[in-house]
Every structure is written in C-alpha cells, then in structure tokens.
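Let's take a look at the charged side chains here and how they pair up. Have the structure open while you read.

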Amino acid sequence: EGNASWLRKQGIERAEFLADVGLGFNRLFTKVAGGKRWVDQTPYHTVMVGWLAEMFPGAKFVHILRDGRRVVHSMINYGSRFGGKAPGAPWSASFQTACETWVRFTRTAMDFQAEHPDRCMTIRNEDLVRDPDGGFPQIFSFLGLPDCPEAARFFASKRINSSFGPPGKKIGAADTLTEPWQEWGVSRRQVFIEVAGPAMEEYGLAAPGAVALTAWEQETVVVRQALRDVVPEGARVLVAGTGGAPEVMGGRRTWEVSPLRTAVGRVPD
C-alpha cells in the first residue's frame with residue numbers, strides 16, 4: 001500500500017513467509033525437545049489460528065470447549081488478583097468484555113474446525129472432566145498417537161484449569177468445577193444472556209431457553225428500567241417489600257418497609 005515491504009517487492013507472499021517462519025520455529029523447538037513433541041496451549045493463539053495453520057502445516061489443533069459461565073467467572077476472578085484488572089487483560093476488569101471475549105474466541109475456534117475438520121478437534125471440557133478415560137483416547141486417536149492412560153489419570157487427579165475452586169493441592173479436575181450462575185446477580189446474568197446466550201445454545205453448552213432469567217428476575221429488570229426512566233438519580237426510594245429491595249433497586253438509596261409488619265418511624269435522611 002504505497003510503500004511495499006522488501007518481502008512484497010521480492011514477490012514473497014504471506015503463505016510462503018509464514019511457512020518459512022514456522023519451519024524456523026519448529027527447528028528451534030525440536031532442537032531442544034529431546035525427542036519429545038512440543039505443544040503450546042496459549043489461549044491468545046486462538047485468534048490467530050489461521051496463521052498458525054499456515055506456519056505449521058503438519059500441526060493439529062485440540063479445542064477445549066468450556067462452559068462460558070465458568071470461563072467468564074474465571075476471567076473476572078483472575079483480575080481480582082491484581083486489584084481488579086490484570087496487566088494485558090482488559091476482560092479481567094469488565095464483565096461484559098469477558099463475555100464478549102469468550103464468544104469471540106469460541107466462535108473463532110469453532111469456525112476454524114468447521115473449515116478444517118481434519119486438523120481441529122473440539123472436545124467439551126465438562127465431558128472430559130466427567131469421563132477422562134473415555135475422552136483422552138479420542139484425543140490421542142485424532143493426533144495419530146497411541147493411547148496413554150497416564151494422561152487421563154493425571155487429568156483426573158490434578159487441578160487443571162481453575163484457580164478458584166476449593167483450596168488444597170490434592171484435588172482433581174472435577175473438584176474445580178464452579179457454579180457461577182448461582183453467585184451472579186441479576187445484572188450479570190442479564191449481560192451474559194444477551195452477549196453469550198446464543199453461543200451457549202449454538203455450541204450445545206445449554207439447552208434452548210436454559211440460560212434465562214426467572215420470572216422474579218425478569219420483573220427486577222423491569223423495575224430497574226423504570227427507575228432509570230422515571231426516578232431521579234439522587235432520589236431516595238421507599239419500598240414496600242419483604243427483603244428483596246437491595247437486589248431489585250440495584251444500588252439505589254433505599255428504605256424498605258415490610259407490609260408484613262407495622263413500620264414505625266420516619267424515613268431516614
């Protein structure tokens with residue numbers, strides 16, 4: 001574009017360049033691998049999987065598809081280690097960005113598999129956790145390798161992909177499965193449904209309509225929207241309720257009076 005690179009001037013296109021770069025990397029890794037295969041599991045490589053496929057034409061890709069709720073939960077908790085935002089990880093400080101990031105990475109991997117079914121295999125993390133003895137032979141078969149039972153045993157007995165499960169070193173992968181949906185409030189659930197709900201259903205991680213708000217939560221959303229539209233931001237709100245005001249009011253200055261008992265006194269300042 002106006003000032004072509006030296007490579008372009010020499011007639012070297014992207015495919016040839018990437019293939020040669022891949023050969024160089026492969027030579028370096030192989031040189032120090034001591035006869036072992038080398039594997040890379042950097043998540044960020046997902047968004048450049050097309051280039052990696054050109055760099056390493058003999059490589060195969062194993063996509064571990066994990067429930068988006070657990071991924072987003074892990075991403076947000078990861079940021080708490082750094083006071084709310086991890087360096088180089090904008091998704092760690094924003095719940096919505098975390099949801100969008102999971103969708104982007106997952107769609108990229110699934111689209112790649114659809115285009116290259118002979119080079120990419122998707123296996124659900126929860127299925128592998130539930131049955132490692134059945135899942136790992138499938139992976140080794142896809143990679144053209146003999147089965148290795150030690151891999152399944154290692155996976156079943158070690159903490160693999162969650163730093164936020166139960167404490168302790170001697171726990172297996174199944175023990176680290178969290179249930180973040182039960183911990184999230186209405187606001188986070190609504191964001192996840194809007195951003196990641198379609199992908200959850202499309203990729204079989206949730207049945208149609210399973211990732212949804214309850215009737216009470218839907219009413220909460222309606223009340224919050226009415227507050228934004230009608231009640232001034234700094235107003236104090238008197239609520240006749242039975243204990244659910246903090247969740248419904250979403251952080252508004254609220255004084256709750258239960259209709260089940262007699263309220264005595266004035267509205268506090």
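Start with Glu13 and Arg8: their side chains meet in a salt bridge, with N and O 2.7 Å apart. Glu13 is partly exposed, at a relative accessible area of 44%. Keep in mind that this is a predicted model.

Why do such pairs form at all? Side chains of opposite charge can pair when their charged atoms come close.

Next up is Arg69, which has a salt bridge to Asp67, and here the closest N and O atoms are 2.8 Å apart. Is Asp67 buried or exposed? Asp67 has 7% relative accessibility, and because buried means under 20%, it counts as buried.

Then there's Arg189, whose side chain meets that of Glu217 in a salt bridge, 2.6 Å from N to O. Arg189 sits in helix H9 (residues 186-202) and Glu217 in helix H10 (residues 215-230), so this pair ties together parts that are 28 residues apart in sequence. Arg189 is buried, with a relative accessible area of 10%, and Glu217 is buried too, at 8%.

| Salt bridge | N to O distance |
|---|---|
| Glu13 and Arg8 | 2.7 Å |
| Arg69 and Asp67 | 2.8 Å |
| Arg189 and Glu217 | 2.6 Å |

Definitions and conventions: Residues are numbered from 1 along each chain as its sequence is written. This is a predicted model: local features need pLDDT of at least 70, side-chain atom pairs count only at pLDDT 80 or more; totals for chains, interfaces and linings use all residues. Side-chain values use heavy atoms; hydrogens and water are left out. A salt bridge is a side-chain nitrogen of Lys or Arg within 4 Å of a carboxyl oxygen of Asp or Glu. Buried means under 20% relative accessible area, exposed over 50%, partly exposed in between (1.4 Å probe, protein chains only). Helices (H or I, at least four residues) and strands (E, at least two) are DSSP runs, numbered from the N terminus.
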